[in-house]
Structure formats: C-alpha cells, structure tokens
Amino acid sequence: MNFDFTDEQKMLKEMICKFSEKEIAPWVEEMDREEKFVEKIWEKASALGVLGMGVPAEYGGMLTDYLSFGLLGEEVGRVDAGVATVFGAHGLLCANNIARNGTEEQKKKYLPSLAGGAKKGCMGLTEPSAGSDALSIKTRARKVGGEYILNGTKMFISNAPIADVAVIYATTDPAMGSKGLCTFIVEKDFPGYKAGRKLSKMGLRSSPTGEIIMEDCRVPEENLLGGIEGKGIEQIFSGLDVERFIWSCCAIGIAQAAFEASLKYAKERDQFGQPIFNFQMIKDKLATMLVSIETARLLTYKGLTSWDRKNFEQTRMLAAQAKFYACEVATKVTSEAVQIYGGYGYMKEFPVERYMRDAKVFPIGAGTTEIQKLIIAAYL
Ligand SMILES: Cc1cc2nc3c(=O)[nH]c(=O)nc-3n(C[C@H](O)[C@H](O)[C@H](O)COP(=O)(O)OP(=O)(O)OC[C@H]3O[C@@H](n4cnc5c(N)ncnc54)[C@H](O)[C@@H]3O)c2cc1C
C-alpha cells in the first residue's frame, strides 16, 4: 500500500486550497445569508479548469483520476460545501455521466461547453415520491416519431435553478420496472422543460436546489444517453459509487474545517484562568474528532483508489461504508465544534453553526445512511 499522493495530486490539492481561500472564502457569509451562488466563483473556477475535472482531456476537460476529483471536493468543501455541491452536480453528476455513458456524438456536442463552464449541468433522478426508492420513478418518456416526449417532476435537484443541461432519468414503460429506465440529455430551452421552484434550505445555501418540471417536453431521439433504450439502470449504477466517494470527500472537508476552527478556539478561549484546551473533556473531543476525520479520509481515499484501479467488485461495499461513515462523522464533528465554542458557537458571527447546518445534508443526499447500512448488510 502506498499512502502518498502523486506530485500532480499534491500540486492540485494546493492549487484548489489556494483558489478556495482566495476566490470562495470572501463570499461564504453572503452566499449563506442571501441563499445564492455567486457567479464570479464560476468564472474563476472555469478559468482554473476545475469545472472540467470530470471530463477527459480530449473533450476539453482535465480528468486524470477520481482521487483528484475527491481532493477538489474536500478542499472546496472545507471552505464552502455548497460550492463543492455546485461543482459536483455539474462536473460529476452531469458532465462525467455523459463522458462515461454518452455516444461519441453526445460527448463531442456537450462535453466541451460543460468542461469549459460555458454551460452548467445538473442531474435529475429524485422525484417527489421517489427518493431512496429511486427505481420507482414515474417520469415518463414516450417515443413519438424522432423525439421522446417527457412528462414528470424532479425534486431536490442540485443546480436545477441555474443549469443549462440536465441529465434526466425516466421510464419508457413502468410495467418493465428497472428495465424500462432510460437517461436523456435535456437542454433548458427544449420545449416543455422548466426549472420549477427554487427550494429554501437549512444549510448548503450557496448551492441552488430546485425542481425540474417537464410537461410534454420534446427531446430529440439522439439525446437518449448512450443511444440505447433500457440502459438507465446501468447508467445510474455506473456513477453511484464514485458519487458517494466524492460526496464523502466534501463531508470530510467540512469536518476538517470544524476541527481546525475548534482547535484554534480551544487554545484561545480562557475559562477558570486557563485555555479551555487544558480541560480533559475538551481534549477528548478534539482527539476523537481528529481520529474520526482521519479514519473517514482513509476509507474514502481507499475507495477512490479502488475506483481508479477499476477494482469495481470492491467499490460498491466501500462506497456504502465511506458514505455512511464520513457523512456521520461530519455531523458529529460539526456538532462537537459548536459545543466547544459554547454560546459563541450558536451565533452567526462564527462559522461553526454553518458547518453544522451544512453537514446535516450529508447523511441524506446521495443515498441516506440507512440505505448505506442496508447495502452493507446485504453483503454481510
Ligand atoms: C440538498 C439536496 C440536494 C440533492 N441533490 C440531488 C440531485 O442533484 N439529484 C437528485 O436526483 N437527487 C438529489 N437529492 C435527493 C436525495 O438523493 C434524496 O433526498 C435521498 O436519496 C433521500 O430520498 P428522500 O429525500 O425522498 O427520502 P426518503 O426516501 O423518503 O427517506 C425518508 C427516510 O426514510 C428512510 N428510509 C427510506 N427507505 C428505507 C428503507 N428501506 N429502510 C430504512 N430506512 C429507509 C431514509 O433513510 C430516510 O431517513 C438531493 C437532496 C438534497 C437534500
């Protein structure tokens, strides 16, 4: 086993760390307060090339390996998990999905503008009545002549309010169950496509989340992802593990930020004539936080390394373990951070209350903790 990053990964991590501190950090409070994503961040990210981290170089991106994508999630997540979600929904759920599953024509048509940031992407699987039970989606696709007509509503979709291109899952025949699932590349200007309500959230407020409404939405047949009907189930599963690893990396990023803030505060805050760091119960919290973050990181990096080595028999189980563990760690560590800050931790003027609100979504999105435990138990 080799636990070292390559020189390229080290450089990338440092570059994204500097980028996040310089270009994202100044906007964090405003984005959280006003529940908006700042377009300038997108422009700067586009100039740096990181919007194309899920796209191979031949289509204008800079995909090298998925551990590197994870480092993007972690470093951006350390500063603002909402921005990490914007990048992930675009670069992984949309662009990387097309890169993995699209036909050559689809890749040539969509990937360069997504990789360069001229277009923003999202992915719509979840529906108002189909969340954990994702394969029960009702969005219907009917073939009429040279088009598919889509009808249905997608719910909780990251980037829906700002996306130009959506990867949409639908069924051609509900009676066929998962065999009827198909995936479509849908542009926001296709007739019948509408970004619905923008949803207001507890945390992750820089990440715009919303509905997608399709009413007789006309999609040209060449936009059936991969060009073959019935591939939806394969396409969903082809990206699920890596999505869970990268989501876990964002969670680790928030936990790391909460730990660093807590350690600094514990050494600065005096009570009973000494820094609160000196109290054994505070030391216990900090030690537990540090070890749980490092454990989550090792598990997640192991999963990403397996994915990069195409060791796919291992990755479903590892993804469930990493997703379950890292996301629970993020909620526990951020909650402990608020506790270490005491009353100040509950106030908006310190960042830890935002970390705690942001962290709460991690055990929910990309498959809940309960579902990850079911996957692990199925292996057992
Ligand atoms: C901020 C945010 C962003 C999101 N972004 C996207 C996106 O970009 N694209 C997208 O398609 N989706 C997205 N989602 C949706 C997300 O994937 C779902 O919320 C998630 O899969 C859970 O589905 P649900 O919310 O319908 O909860 P439900 O499935 O209704 O679950 C409710 C509760 O029941 C539990 N439960 C369900 N089934 C079982 C079971 N069999 N055994 C035990 N417990 C069970 C769950 O664990 C949970 O605790 C996003 C969600 C959020 C909150």
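Reader: What counts as a helix or a strand here?

Author: Helices and strands are DSSP runs, numbered from the N terminus. The model is predicted.

Reader: How does one find empty space in a protein?

Author: Rolling a probe the size of a water molecule over the atoms shows where empty space is left. In this structure, the largest pocket has a volume of about 1,400 Å³. It is lined by 48 residues, and those closest to its centre are T126, I364, G365, A366 and G367.

Reader: Which helices and strands each supply at least two residues of that lining?

Author: These are α5 (81-101), β3 (147-158), α7 (232-268) and α11 (369-379). The largest share comes from α7, with 11 residues.

Reader: How does the lining of the largest pocket divide by class?

Author: There are 25 nonpolar residues, 15 polar ones and eight charged ones.

Reader: What is the volume of the second largest pocket?

Author: The second largest pocket holds about 580 Å³ of space. Of its 20 lining residues, N2, F3, Y301, T305 and R309 are the closest to its centre.

Reader: Which helix gives the largest share of the lining of the second largest pocket?

Author: Helix α8 (residues 280-308) does, with eight residues. By class, the lining of the second largest pocket has six nonpolar, seven polar and seven charged residues.

Definitions and conventions. Residues are numbered from 1 along each chain as its sequence is written. This is a predicted model: local features need pLDDT of at least 70, side-chain atom pairs count only at pLDDT 80 or more; totals for chains, interfaces and linings use all residues. Side-chain values use heavy atoms; hydrogens and water are left out. On a 1 Å grid over the protein atoms alone, a cavity is a set of points where a 1.4 Å probe fits but cannot get out, and a pocket is an open set with protein on both sides within 12 Å along at least five of seven lines; lining residues have an atom within 4 Å of a point. Grid points are joined across faces, edges and corners, and a volume is the space filled by probe spheres set on the points. Helices (H or I, at least four residues) and strands (E, at least two) are DSSP runs, numbered from the N terminus. Ala, Val, Leu, Ile, Met, Phe, Trp, Tyr, Cys and Pro count as nonpolar, Asp, Glu, Lys and Arg as charged, and the others, Gly among them, as polar.
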